[in-house]
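Student: I'm new to this one. Can you put it up and walk me through it?

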Amino acid sequence: DNNEVEEFDLKDYALTHFDGSPAVYVGTYHKYNCGSLRGVWLDLTTFADYDEFLAVCRHIHRDEISPEFMAQDFTDFPSEFYTEGFMSEREFDVIQEFAKLDDDDKEAFEVYAAAFGSSRDDVSIFDNFREAYCGKWSSEEEYAEQLVEDCCMLEGAPEFLKSYFNYAAFARDLFIDDYYFDSGFVFRRL
């Protein structure tokens with residue numbers, strides 16, 4: 001196993017500049033307790049899997065017999081998925097899945113995770129996010145208007161009655177229990 005670790009070129013994994021890729025600064029508790037912050041920023045998108053990630057971490061801290069890894073800092077993934085006590089394989093998978101989202105969906109996911117985030121190592125949170133996410137809207141009322149139109153709720157009603165429909169009241173009722181609005185993002189409550 002050590003021979004395999006020695007084959008890693010750290011340049012393939014180290015974060016050289018902050019470019020929006022999810023990354024953690026990996027040190028160890030022993031070094032930290034001895035007054036050293038020695039570690040490396042690792043770009044989490046460069047790893048094929050969690051085992052490779054751990055192998056590189058062991059390689060970085062091969063001067064310790066049994067290093068207890070410490071994520072001393074993080075960047076470009078939701079804080080709900082960061083833990084100093086180091087990440088589990090499931091957390092690693094969640095962060096890698098997050099990295100695959102486009103920028104708009106990343107922002108929406110961060111809002112979703114802050115509002116509805118189950119345990120931070122729950123990979124199914126992405127399925128829930130995709131099922132719940134209804135897009136970005138300027139207001140709850142704008143979403144309600146589009147929902148009425150998309151669902152043909154007023155179809156067949158006489159034109160003079162359509163103008164009496166109270167979109168603000170409808171939106172208020174929608175967002176009491178069935179929908180959630182934050183920072184322009186709308187989510188169905190599952």
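Tutor: First a term: helices (H or I, at least four residues) and strands (E, at least two) are DSSP runs, numbered from the N terminus. This is a predicted model, in which local features need pLDDT of at least 70, side-chain atom pairs count only at pLDDT 80 or more, and totals for chains, interfaces and linings use all residues. Residues are numbered from 1 along each chain as its sequence is written, and side-chain values use heavy atoms, with hydrogens and water left out.

Student: OK. Where is H61?

Tutor: H61 sits in the loop between α3 and β3.

Student: Is H61 buried or exposed?

Tutor: H61 counts as buried because its relative accessible area is 0%. Buried means under 20% relative accessible area, exposed over 50%, and partly exposed in between (1.4 Å probe, protein chains only).

Student: What does H61 touch?

Tutor: Leaving out residues up to four places away in sequence, H61 touches V26, G27, T28, K31, R38, G39, P67 and F69. Touching, or contact, means heavy atoms within 4.5 Å. The side chains of H61 and K31 are also joined by a polar contact of 3.0 Å. A polar contact is a pair of N or O atoms within 3.5 Å; within protein, one must be able to donate a hydrogen and the other to accept it, and residues adjacent in sequence count only if both atoms are side-chain atoms.

Student: New topic. In what order do the strands of the open sheet come?

Tutor: The order is β2-β1-β3, with antiparallel pairing. The edge strands are β2 (40–43) and β3 (69–75), each pairing on one side only. Two strands pair if DSSP finds at least two bridges between them.

Student: How many bridges between β1 and β3?

Tutor: Strand β1 (residues 23–28) pairs with β3 over 6 bridges.

Student: Which residues are buried in α5?

Tutor: K106, A108, F109, V111, Y112 and A113 are buried there. Their cover includes α4 (89–99), α6 (125–132), β4 (133–136), β5 (179–182) and β6 (185–188).
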